[in-house]
Amino acid sequence: MERANYFDVVIVGGSYAGLSAAMALGRSLRNVLVIDSGLPCNRQTPHSHNFITQDGETPLAISKKAREQVMRYPTVHFLDGVALSGVKTVEGFAITTKSGDTSMGRKLILATGIEDQLPDIKGFDQCWGISVVHCPYCHGYEFRDQRTGILANGDRAFHLASLVNNLTDKLAILTSGPPTFSAHQLASLKRHGIEMIDGSVVEIVHRDGHLENVVFDDGTRTLFHALYAAVPFIQRSEIPVALGCDLTEHGHIKVDSLQRTTVEGVYACGDNSSPMRSVANAVAAGNFTGAMVNSVLTEEAF
């Protein structure tokens, strides 16, 4: 392999966590390669919130500005492409992209994100991130005092309801079947006047992603302005598992307090390793991970 393709650190994923890690490493003069496909999971979301100094900005604008700032550091390099495979080598890790480019890094940071598994409901994907959302901290304020639904059941629905109830009293849980709440949970939901609808959702009627009505399997339509949905996810990249990184019971990459995975020399940050899905959290995790990797490289050489 040509030494031009050898880096101190290869970062797979150049969204918020990956760029933040790259900045921390670039400021320590580490030779870094960031590989990114340019398709962040929040690309359809119109505005990013709960991120101080960037509240209300578009995710694309934040990402673009971040990349421009990181590119000012001459030891940070970018490769636009999809990382397909990764293997451990004597010198570190080799990452190969879809176009056939192979690059080596002494350390590897996975900022690969996750991929939501959206339900087969007409209109759902067009509304995802706009009016069908996942997080009250990211989106709740914008839908305060509006008619809101929670598409979930059991513990997940109860948790979301407890948070959203503080933002609106026009709240209903769409269980898509018999409710699976405990007696205590049912009593609490009733006490707060939270409606339950057990019909299955078959369509989301919207205008340019903005929800208007939810259609149920019996043909009834109910007005909603926002819908929270707890959807499953998978790791967006197959590289973590292929390298041997353990996953948690929920499907995140398992990391310790220093963002180390279960494979020595491999670190992870952002949505792929944290249930706290937000731009602010990804930036913080990336910054910390970059510092931890730099510390290890320093200890190995000093």
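I count two strands as paired if DSSP finds at least two bridges between them. The model is a predicted one.

**Paired strands**

I began with strand 12 (residues 201–207) and strand 13 (residues 210–216). They pair in the antiparallel sense over six bridges. Arginine 207 stands opposite histidine 210 of strand 13. The two strands make a hairpin, with two residues between them. In that turn, I noted a positive phi of about 55° at aspartate 208.

I then followed strand 13 onward. It pairs with strand 14 (residues 221–223), again antiparallel, over three bridges. Valine 215 has arginine 221 in strand 14 as its bridge partner. This hairpin has four residues between the strands, and glycine 219 takes a positive phi near 90°.

**Nonpolar cores**

Next I looked up the largest nonpolar core, which has 23 residues. Val9, Ile11, Leu25, Val32, Ile109 and Val293 touch the most other members. I found at least two residues each from strand 1 (6–12), helix 1 (16–26), strand 2 (32–36), helix 2 (59–70) and helix 8 (279–301). Helix 1 gives the largest share, six residues.

I checked what valine 9 touches beyond four places in sequence. The list is Leu25, Asn31, Val32, Leu33, Lys107, Ile109, Val293 and Leu297.

**Alanine 24**

I stopped at alanine 24, in helix 1. Is it buried or exposed? Its relative accessibility is 17%, so it counts as buried; the cut-off is under 20%. Leaving out residues up to four places away in sequence, alanine 24 touches Asn287, Gly290 and Ala291. I also took its C-alpha distance to valine 293: 9.5 Å, with 269 residues of sequence separation.

**Second largest pocket**

Which residues lie nearest its centre? They are His134, Arg156, Pro275, Met276 and Arg277, out of 25 lining residues. Strand 7 (114–116), helix 4 (136–139) and helix 5 (154–164) each supply at least two residues of the lining. The largest share, four residues, comes from helix 5. By type, I noted 15 nonpolar, seven polar and three charged residues in this lining.

How values were computed
Residues are numbered from 1 along each chain as its sequence is written. This is a predicted model: local features need pLDDT of at least 70, side-chain atom pairs count only at pLDDT 80 or more; totals for chains, interfaces and linings use all residues. Side-chain values use heavy atoms; hydrogens and water are left out. A nonpolar core is a set of buried Ala, Val, Leu, Ile, Met, Phe, Trp, Tyr and Cys residues joined through side-chain atoms within 4.5 Å. Buried means under 20% relative accessible area, exposed over 50%, partly exposed in between (1.4 Å probe, protein chains only). Contact means heavy atoms within 4.5 Å. On a 1 Å grid over the protein atoms alone, a cavity is a set of points where a 1.4 Å probe fits but cannot get out, and a pocket is an open set with protein on both sides within 12 Å along at least five of seven lines; lining residues have an atom within 4 Å of a point. Ala, Val, Leu, Ile, Met, Phe, Trp, Tyr, Cys and Pro count as nonpolar, Asp, Glu, Lys and Arg as charged, and the others, Gly among them, as polar.
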